[in-house]
Structures are given as structure tokens and as C-alpha cells.
Amino acid sequence: MESKVSEGGLNVTLTIRLLMHGKEVGSIIGKKGETVKKMREESGARINISEGNCPERIVTITGPTDAIFKAFAMIAYKFEEDITNSMSNSTATSKPPVTLRLVVPASQCGSLIGKGGSKIKEIRESTGAQVQVAGDMLPNSTERAVTISGTPDAIIQCVKQICVVMLEVQSVTKRSPPKGATIPYRPKPASTPVIFAGGQVRADPLAASTANLSLLLQHQPLPAYTIQGQYAIPHPDQLTKLHQLAMQQTPFTPLGQTTPAFPGLDASPPASTHELTIPNDLCRP
């Protein structure tokens, strides 16, 4: 299978996308971008990293297959170097494998797995790498994560065989395109509060204003929402209820006075005032 790539696939341009955590991205970027610049120059592949303050980033590698293999080799060996350096200050005795996560269109995952898992089993046995195809699609996309782990050499051989499968799929899809366009996975920014049906708020970090809103909504689920982007916005007739609830919530404390559970929230219970109407005949002595 390698000969097929090395002899006839070098002039074929492929695009492979990787999903990386922020620390991994920082490693391949390097100080002042020196590492990724070197990878681009020595491999001949285009290496682009998605923008945004996201816990995960997409690294896109594009080029002829030989350039892609070189880029993957440099990334795999860089990650192994990072693992070795981290173990120098650790008590761990066994060295963990290098792990890369590919982002693959779901329409191509069937060919990668093969009938009854025969293809993925063949790739595992011939390369020595562990390959896992996620059962679920990545959020808001039609792509799946394919996790490869092992030694750098095993990963490189595994990527070569995956490229062969992708080339074969591309040749088939040109004759018979799959139904529906591929929706690429785009990581979402961190620290963005999202209101879910049922009234729960998730945010990181949990700011005081978000904590107050979370308490407000958890005690009064509002089932009617309008989806706008990644937010679930209550319908206009629900906003009045939100306002009424907000007036009953605990006010913020002065700056510097916080509680351990929710910074910025008053620890004392809120004072409440109730107005009662009593008939005159009950007020007579």
C-alpha cells in the first residue's frame, strides 16, 4: 500500500485536519512561531492553525502526500520530545504514546473502518499504531475524530495508510459524490455562557453575573426558547418573568466582599417585603 502512495500519490494534493489542545498548538508554533515556520519550510506543506480563544484548535495540513508525511513526522517527533521533557520532572516509569487526533468526514469513516472492521484492523496490525474512530460526530458537524497513538514511526506509517484510503475515497466520490455537503467541525470559544433548555447556564470561568443568572434560571425553568447562534434566548413573553425573578434575586455585595461558593454574591438571605390588604372590620378593637 505504501508503494501506491510513494509511486503514484506524490502529485496528489491532500488536506488533513488535526484537532489539538491549546498546549499542543503552542508546542508546534514554538517561540515567536519559529517551530511551525521550520515545519513549513522543511516539509513543503502548508500548515494553518485556526484562530480564536478556544480550548481546541484545528491544524490544517495541505500539500502533496510526501509533504504531508514529512509534516506529520515533524509534529509526531515534537510531541515525543515534549513527553520526554515532561517525564524528567515526573515519577512516571512508563512513557505514554504520542497521540494525534484527525478530523475526518463521516462519509469517509466507513472506508477507513472497512467491512466488519477489517480495514482498521489491517492498519493497526501493519503499523503497530492504535487507531480509534469516534462513534459520534463532533458537535455541529458531519465529521468524526480519528485518534492515532503510538510511536512516531508507527503514527507516520498509519497516516500513510489513512492517506491511501482517503485517496481511494476521493477517486470514488468523483464518480459518485456523497449525498449532502460535509459540515466541518469548528471549535467554540471558551468562557461563553450558554443557556440551555431547563434553565441551566454553563460558563468558564463562572463570573458573578453568570452565577446570579444560573441561580435565577435553575429555580424557574423556562421551556420556551428561540435559538440564535449558540445561544438559547427566551421568547419575549418569558422576558417579563425573567425580570420579575431578577428583582427577587440576591443583590451583589460591594467590591472585595465575596463568598467562597459564588464570588460577588451576598451571603446573607435577601430581605423581602410583602403588602397585605386587611378588611376594616378585622382591624376594629
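## Cysteines

Cys158 is buried, with a relative accessible area of 0%. Here buried means under 20% relative accessible area, exposed means over 50%, and partly exposed lies in between (1.4 Å probe, protein chains only). Cys54 is also buried. Its relative accessible area is 13%.

The model holds zero disulfides, where a disulfide is a pair of cysteine sulfur atoms within 2.5 Å. Cys158 is in none. The nearest cysteine sulfur to that of Cys158 belongs to Cys163, 9.8 Å away.

## Basis of the model

This is a predicted model; local features need pLDDT of at least 70, side-chain atom pairs count only at pLDDT 80 or more, and totals for chains, interfaces and linings use all residues. Residues are numbered from 1 along each chain as its sequence is written, and side-chain values use heavy atoms, with hydrogens and water left out.

## Gly22 and helix H2

Gly22 sits in helix H2 (residues 22–29). Helices (H or I, at least four residues) and strands (E, at least two) are DSSP runs, numbered from the N terminus. Gly22 is partly exposed, at 37% relative accessibility. Gly22 and Cys54 are 32 residues apart along the chain. Their C-alpha atoms are separated by 7.6 Å.

## The sheet

Six strands form an open sheet in the order E2-E3-E1-E4-E6-E5, with antiparallel pairing. Two strands pair if DSSP finds at least two bridges between them. Strands E2 (46–49) and E5 (130–133) stand at the edges. Each has a single partner strand, so one side of each lacks a neighbour in the sheet.

Strand E1 (residues 13–21) pairs with strand E3 (residues 56–64) over nine bridges, in the antiparallel sense. Leu14 stands opposite Gly63 in E3.
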